[in-house]
Amino acid sequence: MAGNNVPVVNLDSLSTDQRRAIMMVKEGSSEEAPIEQAIRNLFVWAIITGSSDVHIAGRGRGDSPDIYVNVRTPEGLRNFVFRYPGTTLGRHWETKLFQLNGTSQGATTPDIASTRFEMELPADFARDKGLKPFADAPAYMVDIRTEYTKTYNGFKFTCRLLDPQRAPKLHEIGLSYAVIRTILRTISEPSGLVLVTGPTGSGKTTLLNAMLDRLNDGTKAIHTIEQPVEIGLRGDGPIAQVQVGGNITFKRALRSSLRQDPDIIMVAEIRDAETMEIALQAAQTGHLVFATLHTNSSYETYSRAIDLTEDKARDAYRVAQVLKAVVAQRLMDRYEGPVITRRLTRDEKFWLTSNGMDLGDTISEVQSGKKTGKIALVEVIVTTPEIKALLKADRIDTSAIYRAASEQDQFEPLAVRGVRAVQAGQARMSDCVTQLEGNMDAEAHPGLRVRLAKEHALNFVQVDRAIDAYHRAADEGSTASLLSFVEAAKVDAIAEVIEQAEV
């Protein structure tokens, strides 16, 4: 065998039964044994490192493909290649993965298949590797969701590691106090619709499950409809998690859920008018409904929701009444290292201007190539009476919805949140430009946070701290205005500059 081997995880301390519980593999002297052990070792290492995906592809040469393994770790992709020249051993990677997933082989092998398998790490072994099993669980359980595709020159398995033990709580996602309190206030209502939007891989499911976890106290019946179920809910209350597939569609599962006495319903995705209709009915009849849509921003989600209804003229009123809040999310790479000041490029200045921001000619940002995970960028709009009136108008004005949202102090446009991460020494401007869309409405109408930063010579980190301090104080009974906290932040910023100059 030639290639770059994955890092070795020593399993010698485990019994034969424990190793088999992790993954049943050959351990004898057969030619296939090292391959099967390498596959087990690969997935154990991926779990320990907190990796999210394992890509395994066989490319070329018929029965003797080269095997390309790519693991998406928190630090980025790690790439490995396995070659077996003059043998058919490369094909055994495909055979073993089919076996793990229970996929038929031979003439009945599908060209595309969505399957899954589980892995169990002994609890003590997992703790020794820095993992934290559930307190009442005998093992560290990870569900592996697998998408198989027959390619033009071989095969490809994309394996998503669904690790419920790592699912963050709402306060662990990295949201500001203003955003968390807004979300908690919204989901504490007995009924209504909350929409979460963003592209695939933007963290929507993680955020939704963090919300559900906060509500999962044993006093409410929770029903989720997903494709697939990504994070298993635990608790003593009534919980039903339904996986869409085959004869079970989103709309059939949602309609059925209404007959199962739920208090809270989570629909992984609303794709059509019928599903939207059922969701609206549920939200109108005493249920709290969570769902996702695919849109580019929170304010565009309002018009998209109405577009998905059966009777737009009538249902705009219903959407206005039941849609309590819209949340948009993206993920950006987090970096760790020294911060340097450099000149902004022409493209960066254009992107900043198109999002209503003027940072001058320079930016201070982190320069290390070390990635340390992801940063959640979240913008939240509360459906205020002003926005309700806009939704009931003869024509939906998305720009007007943005302008109304931009005056809410918890609303931080994704672009502004991205720049705040840069100013905090956690992210890079280049990622903001390539991953976050421009918004010409922001150029014409900079939001509250952008205006506060400009008018008081603060950066977005300082503005965010001032807004959070204002809400914390207000929650404790203070009647001081937001502006007073911004003024205090300005005084602190000036004092910090003087202190640094003296040093």
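Axes here are lines fitted to C-alpha atoms, for helices over the stretch in contact, and angles run from 0 to 180 degrees between N-to-C directions. Keep that handy for what follows. This is a predicted model, so local features need pLDDT of at least 70 and side-chain atom pairs count only at pLDDT 80 or more, while totals for chains, interfaces and linings use all residues. Residues are numbered from 1 along each chain as its sequence is written, and side-chain values use heavy atoms, with hydrogens and water left out.

Let's start with the sheet. It is open, has 7 strands in the order E10-E9-E11-E12-E8-E13-E16, and its pairing is mixed. Helices (H or I, at least four residues) and strands (E, at least two) are DSSP runs numbered from the N terminus, and two strands pair if DSSP finds at least two bridges between them. At the edges sit E10 (239–243) and E16 (370–382), each pairing on one side only. On average, neighbouring strands are turned by 15° against each other, direction ignored.

Now look at E8 (residues 192–197) and E13 (residues 323–336): they run parallel and are joined by 5 bridges. Leu-195, for instance, has Val-326 of E13 as its bridge partner. Helix H6 (residues 204–215) packs on the sheet, touching E8, E9, E11, E12 and E13, and its direction makes about 170° with that of E12. Contact, by the way, means heavy atoms within 4.5 Å. Helix H10 (residues 312–322) lies across E8 and E13, at about 65° to E13.

Among the buried ones are Tyr-299, Tyr-302 and Ile-306. The axes of H9 and H10 come within 9 Å and cross at roughly 130°. The two helices are therefore oblique to each other, given that under 35 degrees counts as roughly parallel, over 145 as roughly antiparallel, 65 to 115 as roughly perpendicular and the rest as oblique. Ala-305, Ile-306 and Asp-307 of H9 make the contact with Lys-312, Ala-316 and Val-319 of H10.

Finally, check out two loop residues. Asp-261 is not a glycine, yet has a positive phi of about 55°. You'll find Asp-261 in the loop between helix H7 (250–257) and E11, exposed at a relative accessible area of 62%. Ala-457, also not a glycine, has a positive phi of about 55°.

Methods: Buried means under 20% relative accessible area, exposed over 50%, partly exposed in between (1.4 Å probe, protein chains only).
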